[in-house]
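The sequence and structure are shown below.

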Amino acid sequence: MKRYIVSVFLLLLVFTGIGKVTLTFWHSMSDYQKPIIDRLVNDFNRSQNEITVKAIFQGSYDDTVTKLKAALLTGKGPDVSMINIEHLQIFTKDGSLLDLTELLANDPAISPEDFVDNFWTTIIRDGKPYALPFNISALMLFYNKDHFRAAGLDPDKPPRTWEEMEEYARKLTIKKASDSRPSQYGLLWGVDAMFYQFEPLVWQNGGEIFNEDMTECLINSAEGIEALERWQSWFLEGLSPIDLTIDEGIQSFTMGKISMGPMTSGGIRYALENIPWDLGVAPLPQNKQRTTTLGGASLSIMSGLSEEKVKAAWTFLKWMVSEKNTLFWYEGTGYMPVKKSAMESLEIQLIWQRFPQLKAPIESIEFARPRPVHTNIIEIRNILYDSIEQVRKGVTEPEKAFNEAVEKVNGLLK
């Protein structure tokens, strides 16, 4: 009789889910990305009977930081969280994230050596890994091949330098009269609040935004000011719309009113599915140096979890970054595969046959640079963003804007 009761109890556990470990997973993937995240999580839940993951969208990367800080203060944070690679430092300094060193050392099924080198460096803080790379993107040049053909430009030869880009933009900008607003702009180089699109311009011009140990802002160097002046000239010449926000500019690009501009590789599939014209994707044009920016986020386990939850969270993270799933995520979005084994697979060759635009970000990895990191990085880039916005709006001059910004930023760095 006792055996019968025990058996019935065990069956109840299996069929009711009692005894499962439930994990809360916070992420910042919205719009077209969210269904793919949901698909991955649902597939994980169906793949085994021991762990249930609940995926919860928390808003933008910055929104997630704000909510995560508040939740951790009340002890109601998630078990696993997607964290922007530039925000990791905020949470490693206060001990909120689990150091993954021991988990990696004791698990032969996963190796740091299999992660793309440039991606692995983004999750290392003070020599320790605090996340697994997941949705890593590169800033790319998106361009309208139909516009190129109409302007007599080869659609398979995008601009390789700033000079070529400016030359192309002049041919692509269409005005009904010399004093009228263009009906088609050749270039969109707006900058969002994350300062993402401006960073590579400084690097490409031979400058640095910060010194190596992030104790001093260097953006007001001759190279930085020159980059800002060159960027300003694209608006003053009328090659790029001066009165559109970055979101409005992207919408105009999608509608075929703008010919080219820098955008995240994580939006390639969205663009392919939502534009009625032929999309080209290429590395950013270079100047003195060839470089682009690595962006995106990774997956972290919060510290202070029970041993049971840590084990479950680790199982989930490994599943999300497996070769199969990193390729599925890549094909569905444009965020790059994080594993070398995925990069070398037959499947990625088949993906490129289906979507050739997805190959360009992979070719940019060797010269891509991770974004600067600091515990005050959100406040810092808000200052830098405001400084270039003042230049775009004609309120102040480039040198003055960067000198004033550097003074404020240095106070936050020290």
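## Domain arrangement

The model is predicted. Its protein chain is divided into two parts: domain 1 comprises residues 21–136 + 295–363, and domain 2 comprises residues 138–294 + 370–413. Between the C-alpha centres of domain 1 and domain 2 the separation is 28 Å.

## Contact between the domains

The size of an interface is often expressed as the accessible area that is lost when the parts come together. For domain 1 and domain 2, the area buried between them is about 2200 Å², and 65% of it lies on carbon and sulfur atoms. In terms of residues, 30 from domain 1 are in contact with 25 from domain 2.

Polar interactions also link the two parts. Three salt bridges are counted between domain 1 and domain 2, together with 11 residue pairs in polar contact, both residues of each pair having pLDDT 80 or more. Several helices each supply at least two residues of the side of domain 1 that touches domain 2, namely α3 (61–74), α4 (88–92), α6 (117–120), α14 (323–333) and α17 (359–364). Classified by residue type, that side of domain 1 has 13 nonpolar, 12 polar and five charged residues. A salt bridge is also found where the side chains of R381 and E86 meet, with an N to O distance of 2.8 Å.

## Residue D79

D79 is placed in the loop between α3 and β3 (80–84). Is this residue, D79, buried or exposed? D79 counts as buried because its relative accessibility is 6%, under the 20% limit for that class.

The side chain of D79 is in polar contact with the side chain of K309, at 3.2 Å. When neighbours within four places in sequence are left aside, the residues in contact with D79 are T22, L23, T24, S300, I301, M302, L305 and K309.

## Residue S252

S252 belongs to helix α11, which covers residues 246–254. With a relative accessibility of 14%, S252 is likewise counted as buried, since the value falls under 20%.

Which residues does S252 touch, not counting those up to four places away in sequence? They are L244, K257 and I258.

Notes
Residues are numbered from 1 along each chain as its sequence is written. This is a predicted model: local features need pLDDT of at least 70, side-chain atom pairs count only at pLDDT 80 or more; totals for chains, interfaces and linings use all residues. Side-chain values use heavy atoms; hydrogens and water are left out. Domain bounds come from an automatic or database domain assignment. Contact means heavy atoms within 4.5 Å. Buried area is the accessible area (1.4 Å probe) that two parts lose on being put together, summed over both. A salt bridge is a side-chain nitrogen of Lys or Arg within 4 Å of a carboxyl oxygen of Asp or Glu. A polar contact is a pair of N or O atoms within 3.5 Å; within protein, one must be able to donate a hydrogen and the other to accept it, and residues adjacent in sequence count only if both atoms are side-chain atoms. Helices (H or I, at least four residues) and strands (E, at least two) are DSSP runs, numbered from the N terminus. Ala, Val, Leu, Ile, Met, Phe, Trp, Tyr, Cys and Pro count as nonpolar, Asp, Glu, Lys and Arg as charged, and the others, Gly among them, as polar. Buried means under 20% relative accessible area, exposed over 50%, partly exposed in between (1.4 Å probe, protein chains only).
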